[in-house]
Amino acid sequence: RLGRGTFAAIFRGVDLAAAPGAGDVVAIKMELAEYFSGGNMLETEAIVLKHFEKHAPEHVPRHVEYFGDITCASSDGRPARCRALAMELLSAENGRAQDMHGLRDSHAGTGGAVRGAHGRMAALHVLDAIHLVADNVLPRLRAMHRLGMVHRDVKPSNFVRCSETCGTEALPKFRVVDFGLSKSFVVPEQSEAASVHPWRCGTQYLGAEGRPGRWKKERASAEFRGTSMYASPFVHLCRDYAPRDDVYSALYVFCDLVAGGLPWASDASARGPGQGDGCIRKAQVEAKKLRSGVGDAFGGKVEEALMGAAAFPLPGGVPGPECAWSRNAAGSDLLRTAFGHLGQLDWGEMPDYDLIDECIRGFQGALATGDTVTPQPGRIHWELPPGQALNAVAGKDAHAVLEARMEYNALQGPLVVPYGSAVRAWTDAAKQLL
């Protein structure tokens, strides 16, 4: 087993039908048996993968086969029924897939990224964040939207590294995965569900069959779908999901990567039974997102999206270290432009992907404004094999992370143990403080 989520588990398998006498290693996503009688998310994922494979295969894993009803074992070992989807196994190292979330955590674990106040978020160098979002997340979403579909669960763990590279520097490429919540927003123009808004991206949308399309009619109210950490504020307001919302989530991913956490992370990660997507304090998440957004319904405090650990008080009310990006006026202006554009889009309007791309890449120029240089953690050495790339960091960056961990342990106790035997004495010191 490679991993497990809320609705399914991922296994490494072999496609014995791939070639006579030889097998092809694949990833098998198997639905948990207790969800068999519910909505068919795996079939949705299979449909999306096959549609991508026909029109834009470079953005997703290769679809192998979908199994709609197979015998499996339930969590208590009894015979049960479930669904399964076999697809290409995206391998980065030792046959294991590496997503952006895992990459960030691994980089932080080696001292290459600055930890957030909770000890589980980490900030990446802005150039690495630009590569991940502008070179990978945004192009995948743009391709998906041109096919008339929205992802509805954009987050770092749903972008997985593959063996291909992109750009003149041959940096690694990531593909988008997990389409269980994905949905088409375009229908043939003669459909009863069609709105007055014409579809201007051709006839490659799902179900087109060569017919001109229109946007679906916008629903008056839509249930929350996605992950509360990265969901667009429009989704929190029960607005129907549109391409702008996927792009909004991509901007949140970028802010998360460069700042080492989002202002509402502690609320979004609080989980309990019967709370929908697991967010106990969803109202607080919504309020903070509305405050940092731009537009008539928002507060315009975009710099708060770049606060990082400063948004998470330690026990006793002591704030975490503030991310320097929150004081970078040029970065805040870029974010204000991007959020402002998305905030004024109506149903039936596509985002300006080039503008969003320009705003994200503009953070490179915002690194140094006047005499001020925004400090950055160590770079990921992409040219090295994945394991070595994460360990190749500058000593001064590792030292800075070590000092931050020492301070955190002294305040909260040795719940986050510093790496390396050279600093074990600090754990004892933290115990004495308690």
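Q: How confident is the predictor, on average, in this protein?
A: This is a predicted model. Its pLDDT averages 79. A score of at least 70 is reached by 74% of the residues.

Q: Where is the pLDDT below 50?
A: One such stretch is residues 116-120, which has 16 contacts in the model beyond near neighbours in sequence. Another is residues 391-434, with 55 contacts counted in that way.

Q: Why is Met100 called buried?
A: Buried means under 20% relative accessible area. Met100 has 0%, so Met100 is buried. Met100 sits in helix α2, residues 100-109.

Q: Which residues does Met100 touch, leaving out those up to four places away in sequence?
A: They are Leu132, Asn136, Val137, Pro156, Phe159 and Phe174. A contact here needs heavy atoms within 4.5 Å.

Q: How far is the C-alpha atom of Met100 from that of Val253?
A: The separation is 9.9 Å. Along the chain, Met100 and Val253 are 153 residues apart.

Q: What makes the nonpolar surface patch of about 300 Å²?
A: Val14, Leu16 and Val25 make this patch. A patch residue needs over 30% relative accessible area. Val14, at 49%, therefore passes that cut-off.

Q: What makes Glu31 and Arg83 a salt bridge?
A: The rule asks for a side-chain nitrogen of Lys or Arg within 4 Å of a carboxyl oxygen of Asp or Glu. The closest N and O atoms of Glu31 and Arg83 are 2.8 Å apart, so the pair qualifies. The pair links distant parts of the chain, with Glu31 in strand β3 and Arg83 in strand β5, 52 residues apart. Both Glu31 and Arg83 are buried.

Q: How many salt bridges does the rule give?
A: The count is 20.

Q: Why do Arg336 and Glu303 count as a salt bridge?
A: Their N to O distance is 3.8 Å, within 4 Å, so the pair counts. Arg336 lies in helix α8, and Glu303 in the loop between α7 and α8. Arg336 has 31% relative accessibility and is partly exposed. Glu303, at 25%, is partly exposed too.

Q: What joins Glu88, Glu164, Lys173 and Arg175 into one network?
A: Salt bridges that share partners join them.

Q: What makes strand β10 mostly covered?
A: Six of its six residues are buried.

Q: How do you know that β9 and β10 pair?
A: Pairing needs at least two bridges. β9 and β10 have five, in the antiparallel sense, so they pair. In β10, Phe174 is the bridge partner of Arg161.

Technical notes:
Residues are numbered from 1 along each chain as its sequence is written. This is a predicted model: local features need pLDDT of at least 70, side-chain atom pairs count only at pLDDT 80 or more; totals for chains, interfaces and linings use all residues. Side-chain values use heavy atoms; hydrogens and water are left out. Helices (H or I, at least four residues) and strands (E, at least two) are DSSP runs, numbered from the N terminus. Buried means under 20% relative accessible area, exposed over 50%, partly exposed in between (1.4 Å probe, protein chains only). Patches are made of residues with over 30% relative accessible area and no salt bridge: like charges are joined within 9 Å, nonpolar side chains (Val, Leu, Ile, Met, Phe, Trp, Tyr) within 5 Å. Accessible areas come from the Shrake-Rupley method with a 1.4 Å probe; for residues, only the protein chains shown count as cover. pLDDT is the predictor's confidence in each residue, from 0 to 100.
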